[in-house]
Amino acid sequence: TNRHVAIADSDHHITDRALRIATTAFPGGFVNRSSNSLAVDEAATAQMKERIREAGLSGKKLVLMHPGTTWKTKCLSAAFWMSLAAVLNRDDRLILLLSWGTEEELAEVRKIKNENPERCIIWPRSELGELMALLAQMDVVIGGDTGPVHIAAALGTSTVSFYRATDRRRNGPRGEGHFSFQSPLDCSPCLRKSCPRDDECSNSLKMKAAREAVYDLLER
């Protein structure tokens with residue numbers, strides 16, 4: 001805790017900053033694997049594939065949507081998630097899974113489900129290993145700056161993510177197979193946990209761009 005590590009000018013992304021610190025323990029260097037860096041337990045994978053089969057989801061494109069996150073200023077409006085879910089729900093080639101972590105998030109995904117009863121499933125909350133197994137089986141994971149999105153990216157699953165208070169260039173998954181969108185407001189990213197422009201900001205991202213990103217990834 002008393003040794004300062006110099007951060008390079010190129011270390012803007014949070015992953016690079018963390019790795020810059022970690023590399024001081026390896027003077028000879030190491031290979032930076034920024035994707036596919038997590039592995040799922042084989043038993044958990046087999047169990048999740050069986051659950052997906054039993055749910056009748058085999059052979060479908062699987063898209064997981066996780067609307068919740070820890071900061072209010074990271075969340076998008078309910079209207080955004082409703083409209084995106086409605087568009088995706090009209091496509092009988094795919095199934096939309098809704099994940100959640102808190103009772104408040106469960107209430108939100110229930111509203112989305114109620115508006116889109118067909119091909120829309122609220123997935124049960126699970127422990128971390130099971131969640132990883134689920135995310136690894138998805139074709140695309142959609143969310144804000146939240147844990148499930150970053151776990152999915154580390155597993156090699158394609159993601160579409162949205163950023164308001166935080167910076168997509170600093171926090172967003174990188175590389176092919178990932179789309180990230182920043183609020184167009186002149187004050188974004190602000191790193192504030194509360195803001196008088198919260199309503200405006202939470203409605204500033206366009207559903208059409210998100211939809212196009214999802215289908216771009218599904219067609220690859």
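## Close-up views of a predicted model

**View 1. Helix α9 and its buried side.** The buried residues of α9 are A210, A213, V214, Y215, L217 and L218. Buried means under 20% relative accessible area, exposed over 50%, and partly exposed in between (1.4 Å probe, protein chains only). Helices (H or I, at least four residues) and strands (E, at least two) are DSSP runs, numbered from the N terminus. The model is predicted: local features need pLDDT of at least 70 and side-chain atom pairs pLDDT 80 or more, while totals for chains, interfaces and linings use all residues. Residues are numbered from 1 along each chain as its sequence is written, and side-chain values use heavy atoms, without hydrogens and water.

The buried residues of α9 pack against β1 (61-66), α3 (78-89), β2 (94-98), β4, β5 (158-163) and β6 (178-182). Contact here means heavy atoms within 4.5 Å. Helix α9 covers residues 207-219, and its end C-alpha atoms are 18 Å apart.

**View 2. Confidence along the chain.** The average pLDDT of the chain is 91, and 96% of the residues score at least 70. pLDDT is the predictor's confidence in each residue, from 0 to 100. Strand β4 (residues 140-143) has the highest confidence, at 98. Helix α1 (residues 14-22) has the lowest, at a mean of 84.

**View 3. The six-stranded sheet.** The sheet is open, with parallel pairing and the order β3-β2-β1-β4-β5-β6. Strands β3 and β6 stand at its edges, each with a single partner strand, so one side of each has no neighbour in the sheet. From one strand to the next, the twist averages 15°. Helix α4 packs on the sheet and touches β1, β2 and β3. Its direction makes about 160° with that of β3. Axes are lines fitted to C-alpha atoms, for helices over the stretch in contact, and angles run from 0 to 180 degrees between N-to-C directions.

**View 4. The pairing of β4 and β5.** These two strands pair in the parallel sense over four bridges. Two strands pair if DSSP finds at least two bridges between them. G143 stands opposite S161 in β5.

**View 5. A cluster of aromatic rings.** Ring pairs link F80, W81, F162 and F181. A search of the whole structure finds four aromatic pairs. Rings of Phe, Tyr and Trp (its six-membered ring) pair if their centres lie within 6.5 Å; planes under 30 degrees apart count as stacked, over 60 as edge-to-face and the rest as tilted. F80 and W81 have ring centres 5.3 Å apart and planes at 85°, so this pair is edge-to-face. Both F80 and W81 are buried. F162 and F181 are stacked, at 5.9 Å centre to centre with 20° between the planes. F162 lies in β5 and F181 in β6, so the pair ties together parts 19 residues apart in sequence. F162 is buried, with a relative accessible area of 1%.

**View 6. Backbone details in two loops.** The peptide bond from S188 to P189 is cis, with omega near 5°. P189 is found in the loop between β6 and α8 (198-202). L191 is placed in the loop between β6 and α8 too. Its phi is near 60°, a positive value in a residue other than glycine. L191 counts as exposed because its relative accessibility is 58%.

R119 is in the loop between α4 (103-115) and β3 (120-122). R119 has a positive phi of about 55°, although it is not a glycine. At 26% relative accessibility, R119 counts as partly exposed.

Technical notes
Expected span 1.5 Å × (residues − 1).
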